Amino acid sequence: MIAALMLGRKGSIGFPGKNLYSILGRPITVYPLLAARHAHSVDRVYVSTDDEQIAAIAGELGAQVIVRPPELATPEALGEDAFVHGYRLIQDEAANRNEAVELMVLLFCNTATILAETIDAGIKILRAHPEYDSAVTVSRYNMWSPLRARKIGPDGLLHPFVPFETFGDPKTLSCDRDSQGDVWFADMGASIVRPRCLENLSEGLLPQKWMGQRIYPLKQWGGCDIDYTWQVPGVIAWLLEHGFSETATPYDPGA
């Protein structure tokens, strides 16, 4: 059995109400749910939330709601712990049906940049490569290379966030954003993971430990989890490019 599990809590500091913010006439939450629902390889869809509105949307789209405990619904709570909590409940439910969880598709309510076909592609990769721990959507953002990252020091001035020597001989570096090769970020569109990743969370790579160690990249462009209003126009552009509008989705008959 392959289960999709989406997280979305009620509180948001940087962008209040982000999970229910309307984009192209739909709450952001709808987009990852549509992707999970239309992925051919996904058998069941679950939503872990403490938000009544998110729960209602989940129910309308055929997802089963997991009530997110208060201790996992605070600003300090980690998504990885909420994923583990949801997985354990799903695992117990599957065992009661004499089923086993083959893979988990992990999603976020505030990430609209994911398609059903991408989820299916990740599942296909993991079935073909049992040595991989996960398949994760990534987007290329060379303008955010760690070479360009800075931090403000005790003197109030900018300093390299990472020592330049990390990238080789500093004399060979340049301001060209592509000079260090492509920079890929996990864009939170989807993480398709094996149960062992959630059962042995401490063994996973930081910062998203649920991805395990051997992570296959599902390349796309412009993916991101929305945490600020300035990200919205880019997500709208992504959705329009992939066949969404205020009246249609790429999953509609004849699309």
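Rings of Phe, Tyr and Trp pair when their centres lie within 6.5 Å, with the six-membered ring standing for Trp. By this rule the count comes to 11 aromatic pairs. The model is predicted.

**Stop 1: Phe 108 and Trp 210.** Select these two rings. They form a tilted pair, 6.0 Å centre to centre, with 55° between the planes. Phe 108 sits in strand 6, and Trp 210 in the loop between helix 5 (195-199) and strand 11, so the pair ties together parts that are 102 residues apart in sequence. Both Phe 108 and Trp 210 are buried.

**Stop 2: Trp 144 and Phe 185.** Here the pair is edge-to-face: 6.5 Å centre to centre, 90° between the planes. Trp 144 is in the loop between strand 7 (134-140) and strand 8 (150-152), while Phe 185 is in strand 10, 41 residues apart. Trp 144 counts as partly exposed because its relative accessibility is 46%. Phe 185 is also partly exposed, at 32%.

Stop 3: Look for Tyr 228 in the loop between strand 11 (215-220) and helix 6. Tyr 228 is partly exposed, at 45% relative accessibility.

**Stop 4: the largest nonpolar core.** Now go inside. In soluble globular proteins, nonpolar side chains tend to be buried together. The largest nonpolar core has 46 residues. Select Ile 23, Leu 33, Val 42, Val 105, Ile 119 and Leu 239, which have the most contacts inside it. The elements that each supply at least two residues of this core include strand 1 (2-8), strand 4 (44-49), helix 4 (116-128) and helix 6 (232-241). Helix 1 gives the largest share, six residues.

Which residues does Ile 23 contact, leaving aside its neighbours within four places in sequence? They are Ile 28, Tyr 31, Ile 226, Val 232, Val 235, Ile 236 and Leu 239. Apart from this core lies another, of 24 residues, among them Met 1, Val 84, Tyr 87 and Met 211.

**Stop 5: the segment after helix 6.** Then pick Thr 247, in the segment after helix 6. Thr 247 is exposed, with a relative accessible area of 76%. Thr 247 and Leu 24 are 223 residues apart in sequence, yet 8.3 Å apart in space, C-alpha to C-alpha. Beyond its neighbours within four places in sequence, Thr 247 is in contact with Arg 26 and Asp 252.

Key:
Residues are numbered from 1 along each chain as its sequence is written. This is a predicted model: local features need pLDDT of at least 70, side-chain atom pairs count only at pLDDT 80 or more; totals for chains, interfaces and linings use all residues. Side-chain values use heavy atoms; hydrogens and water are left out. A nonpolar core is a set of buried Ala, Val, Leu, Ile, Met, Phe, Trp, Tyr and Cys residues joined through side-chain atoms within 4.5 Å. Buried means under 20% relative accessible area, exposed over 50%, partly exposed in between (1.4 Å probe, protein chains only). Helices (H or I, at least four residues) and strands (E, at least two) are DSSP runs, numbered from the N terminus. Contact means heavy atoms within 4.5 Å. Rings of Phe, Tyr and Trp (its six-membered ring) pair if their centres lie within 6.5 Å; planes under 30 degrees apart count as stacked, over 60 as edge-to-face and the rest as tilted.
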